[in-house]
Amino acid sequence: AVLVASAAGAFAFWTHLEDKKAERSHRLNEVIEAFAAPIGEAPAAGAASRLSFPDEAKKATEVEKRLKALEAEGTGGSGSLTAFYQAISLARQGKAREAAVALEPAAKGGVLAPLALPMRGGLYETLGDFSKAEADFKALSQLEAATLPKGEGFWQLGQYYERRGEKAKAVEAYKKIEDLMRGTEEGEEPSILQRARKRLEALEGAA
């Protein structure tokens, strides 16, 4: 459950692939798509992907298959991928702290950082190590990566603060999304902005 919840989010998926670098980005997006896919329910209306799974085992199998396809593309980050595999295995065994430590190479940056940071943040959150969890979600909010849509990092940071009951910090994170998305054309990644505005209305209305 930690693997699913901490890595899920509204990620953009590339459709026009022109060279090998773009193909690697496509492979990474396929991994992200599998991580973000729901279990036992249909994807939300308007979701970028229609992928879903009947149970956690089938989801895990598909995620690993897609990770292997990414590795086969030659990302230049095989050490990070190996660590990522190890972290998944450890988390499945209930070894959350060991899994978090194993994610260090992938969380430092590179192709897997958009997955590793929220995953590690979620692991630390379940362990009650909230300072480290917050640091990872903050790092995600500052991350610039082709596979991480504008505002997604601040959305996950805001969600973390809401789970912690820190409403003022959540509001601040969601307002950052409004700042980032100001001037966004209609239809360009509207879901992140719309979700942020709904949460702002709910939080500020409850104040």
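Reader: Start with one side chain. Is Arg-163 buried, partly exposed or exposed?

Author: Keep in mind that this is a predicted model. The general idea is a scale: under 20% relative accessible area is buried, over 50% is exposed, and the range in between is partly exposed. Arg-163 comes out at 49%, so Arg-163 counts as partly exposed.

Reader: Which residue does Arg-163 pair with in a salt bridge?

Author: To call a salt bridge, look for a Lys or Arg side-chain nitrogen within 4 Å of an Asp or Glu carboxyl oxygen. Arg-163 meets Glu-125, with the closest N and O atoms 2.8 Å apart. Glu-125 belongs to helix 7 and Arg-163 to helix 9, so the pair ties together parts that are 38 residues apart in sequence. Glu-125 has a relative accessible area of 17%, so Glu-125 is buried.

Reader: How many salt bridges does the whole structure have?

Author: A search of the whole structure finds 15. One of them joins Lys-169 and Glu-134, at 3.6 Å between the closest N and O atoms. Here helix 10 (residues 167-181) supplies Lys-169 and helix 8 (residues 130-142) supplies Glu-134, so parts 35 residues apart in sequence are tied together. Lys-169 is partly exposed at 36%. Glu-134 is buried at 16%.

Reader: Give me another one, with the accessibility of both partners.

Author: Take Glu-204 and Lys-175. Their side chains meet in a salt bridge at 3.3 Å, N to O. Glu-204 sits in helix 11 (residues 190-206) and Lys-175 in helix 10, so this pair ties together parts 29 residues apart in sequence. Glu-204 is partly exposed, with a relative accessible area of 41%. Lys-175 is partly exposed too, at 39%.

Reader: Now helices. How do I check the length of helix 9?

Author: Compare the expected span with the distance between the end C-alpha atoms. Helix 9 covers residues 152-163, which is 12 residues. At 1.5 Å a residue, the span should be 16 Å, and the end C-alpha atoms are 17 Å apart, so the two agree. Helix 7 (residues 113-127) takes the test as well. With 15 residues, helix 7 reaches 21 Å from first C-alpha to last, close to the 21 Å expected.

Reader: How many residues of helix 7 and of helix 9 are buried?

Author: Count the residues below the burial cut-off. Helix 9 is mostly covered, with nine of its 12 residues buried. Among those nine are Phe-154, Trp-155, Leu-157, Tyr-160 and Tyr-161.

Reader: How do helix 8 and helix 9 run, roughly parallel or roughly antiparallel?

Author: Read the angle between the two axes. Over 145 degrees counts as roughly antiparallel. The axes of helix 8 and helix 9 come within 7 Å and cross at roughly 155°. The two helices are therefore roughly antiparallel to each other. Helix 8 brings residues including Phe-130, Ala-133, Phe-137 and Leu-140 to the contact, and helix 9 brings residues including Phe-154, Leu-157, Tyr-160 and Arg-163. By class, this contact has eight nonpolar, four polar and three charged residues.

Reader: And loops? Where does Val-111 lie?

Author: Val-111 lies in the loop between helix 6 (104-107) and helix 7. Val-111 has a relative accessible area of 30%, so Val-111 is partly exposed. Then look across the chain. The C-alpha atoms of Val-111 and Thr-147 are separated by 8.6 Å, and these residues are 36 apart along the chain.

Reader: Finish with the whole chain. How many helices and strands does it have?

Author: The chain has 11 helices and zero strands. Of its 207 residues, 43% count as buried. Contacts tell you about sequence separation. Among those between residues at least 6 apart in sequence, 54% join residues at least 24 apart.

Methods
Residues are numbered from 1 along each chain as its sequence is written. This is a predicted model: local features need pLDDT of at least 70, side-chain atom pairs count only at pLDDT 80 or more; totals for chains, interfaces and linings use all residues. Side-chain values use heavy atoms; hydrogens and water are left out. Helices (H or I, at least four residues) and strands (E, at least two) are DSSP runs, numbered from the N terminus. The expected span of a helix is 1.5 Å times one less than its number of residues. Buried means under 20% relative accessible area, exposed over 50%, partly exposed in between (1.4 Å probe, protein chains only). Axes are lines fitted to C-alpha atoms, for helices over the stretch in contact, and angles run from 0 to 180 degrees between N-to-C directions. Angles under 35 degrees count as roughly parallel, over 145 as roughly antiparallel, 65 to 115 as roughly perpendicular and the rest as oblique. Contact means heavy atoms within 4.5 Å. Ala, Val, Leu, Ile, Met, Phe, Trp, Tyr, Cys and Pro count as nonpolar, Asp, Glu, Lys and Arg as charged, and the others, Gly among them, as polar.
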